[in-house]
Amino acid sequence: MENSFARTCEQSGIISWLLLLVWTLDIWYNMPMERQDSIADIIVLFIILITGAAEAAHLAGVFLHRPVSGCTVLFGIFTVSAAALLFILTAVRRHRGFCRREAGEGRARFSRKEMLLPVLFGLLAVSQIIYILCGKNAYLQGDMTVETVQSFLETDTVYGVNPMTGRAYEGGIPTRIEILCLPTLYAVLSRIFHIRPERLILQGIPVMVLIGCYGAYACLAKGLFPGNRRKQFCFLIVTAFLIWIGSGSFGADGFGLLLSGWRGVTIRNGILVPYAVSLCLRKKFIYLPLCILAELCIVWTLYGMGVCLAVVLGMMLVSLFTGKGRAGKEAADGGTP
């Protein structure tokens, strides 16, 4: 009976993910264009949402000593609850006419010349995905993620066994590292989709992280070049080239994205930081706490709140001083005879 309930929750989690995708696409299409989040926003926010659900399930496994199977159930429940809440909000907003597109409103189509830019970007992105899916280029030196996830699944416990010794952790685990949710997230996804941990971690997750990275940089391009699709796609093409170039240098973002995309530092540098910058540029401050909290859940360095928080504070200070300088200049120009 318990196994049947757990399996139902796992399947409900998968269905909820699909419903969430349909919901976000529906909202994006029907909302007035000036109020829309882009598809790129939806991709990044979806990744952050899944990370939050995984963190909640992981904390239950660590502090309430729930097994991995129980964490999977909780993950499905959290995802179902989030989907239900979003659908309710959608129904309310639609009932009030908030998401109704104006008559005659449409989207400008790409010209023939403009089509070359997304095609070139698409070819670069697809070539990187193929490179990852080959599965022969992952950088595993000093990394124990696959072994840790395998120990989670084999023992059905969260940090119950040291994968290097096969026995319990003798000295314990620092609390800051213990609360990071990525191993539990990967174990839960492996259980739900019945994928071997090594294939999920070395191929599946890096592909999703790369897609999320381009979603974040698409948002950044939108903030840097609002309304100029040509410059936005040029920015993405340059970014794709830099990722390829950086793949040959250890420590570069390109190296992390193409050779170790499952690591928390890679997710932070490739997704959360550029997305936080884009939110500041576009003045969508409501999502900024999500970036900071997501980093807290996946990166142990600087207690997880180092880079995103510093970027947000820096951007706000720059915006503050820039706004004051612009206001002063306008006042001076207005007062000049």
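The structure is a predicted model, in which local features need pLDDT of at least 70 and side-chain atom pairs count only at pLDDT 80 or more, whereas totals for chains, interfaces and linings use all residues. Residues are numbered from 1 along each chain as its sequence is written, and side-chain values use heavy atoms, with hydrogens and water left out.

The protein contains 13 helices and zero strands, where helices (H or I, at least four residues) and strands (E, at least two) are DSSP runs numbered from the N terminus. Of its 337 residues, 43% count as buried. Among contacts (heavy atoms within 4.5 Å) between residues at least 6 apart in sequence, 73% join residues at least 24 apart.

Cys-71 itself is located in helix α3, which spans residues 68-95. When residues up to four places away in sequence are not counted, Cys-71 touches Ala-57, Gly-61, Arg-66, Val-158, Thr-184 and Val-188. The C-alpha atom of Cys-71 is separated by 6.5 Å from that of His-58, the two residues being 13 apart along the chain.

Thr-184, one of the residues touched by Cys-71, also takes part in the packing of α5 with α7. The axes of α5 and helix α7 (residues 182-193) come within 9 Å and cross at roughly 60 degrees, the axes being lines fitted to C-alpha atoms, for helices over the stretch in contact, and the angles running from 0 to 180 degrees between N-to-C directions. The two helices are therefore oblique to each other, given that angles under 35 degrees count as roughly parallel, over 145 as roughly antiparallel, 65 to 115 as roughly perpendicular and the rest as oblique. The crossing of α5 past α7 is right-handed, meaning that the near helix is turned clockwise from the far one by less than a right angle, with anticlockwise giving a left-handed crossing. On the α5 side, Thr-145, Thr-148, Val-149, Phe-152 and Leu-153 meet Pro-183, Thr-184, Tyr-186, Ala-187, Ser-190 and Arg-191 of α7. By class, this contact comprises six nonpolar, four polar and one charged residues, where Ala, Val, Leu, Ile, Met, Phe, Trp, Tyr, Cys and Pro count as nonpolar, Asp, Glu, Lys and Arg as charged, and the others, Gly among them, as polar.

Salt bridges, defined by a side-chain nitrogen of Lys or Arg within 4 Å of a carboxyl oxygen of Asp or Glu, number four in the model. One of them joins the side chains of Asp-41 and Arg-282 at an N to O distance of 2.9 Å; because Asp-41 lies in helix α2 (residues 39-63) and Arg-282 in helix α11 (residues 264-282), the pair ties together parts that are 241 residues apart in sequence. Asp-41 is buried at 0% relative accessibility, and Arg-282 is likewise buried, with a relative accessible area of 16%. Another salt bridge pairs Asp-143 with Arg-263 (3.3 Å, N to O). Asp-143 lies in the loop between α4 (112-133) and α5 (145-155) and Arg-263 in the loop between α10 (253-259) and α11, so this pair links parts 120 residues apart in sequence. Here Asp-143 is buried at 14% relative accessibility, whereas Arg-263 is partly exposed at 22%.

Definitions and conventions. Buried means under 20% relative accessible area, exposed over 50%, partly exposed in between (1.4 Å probe, protein chains only).
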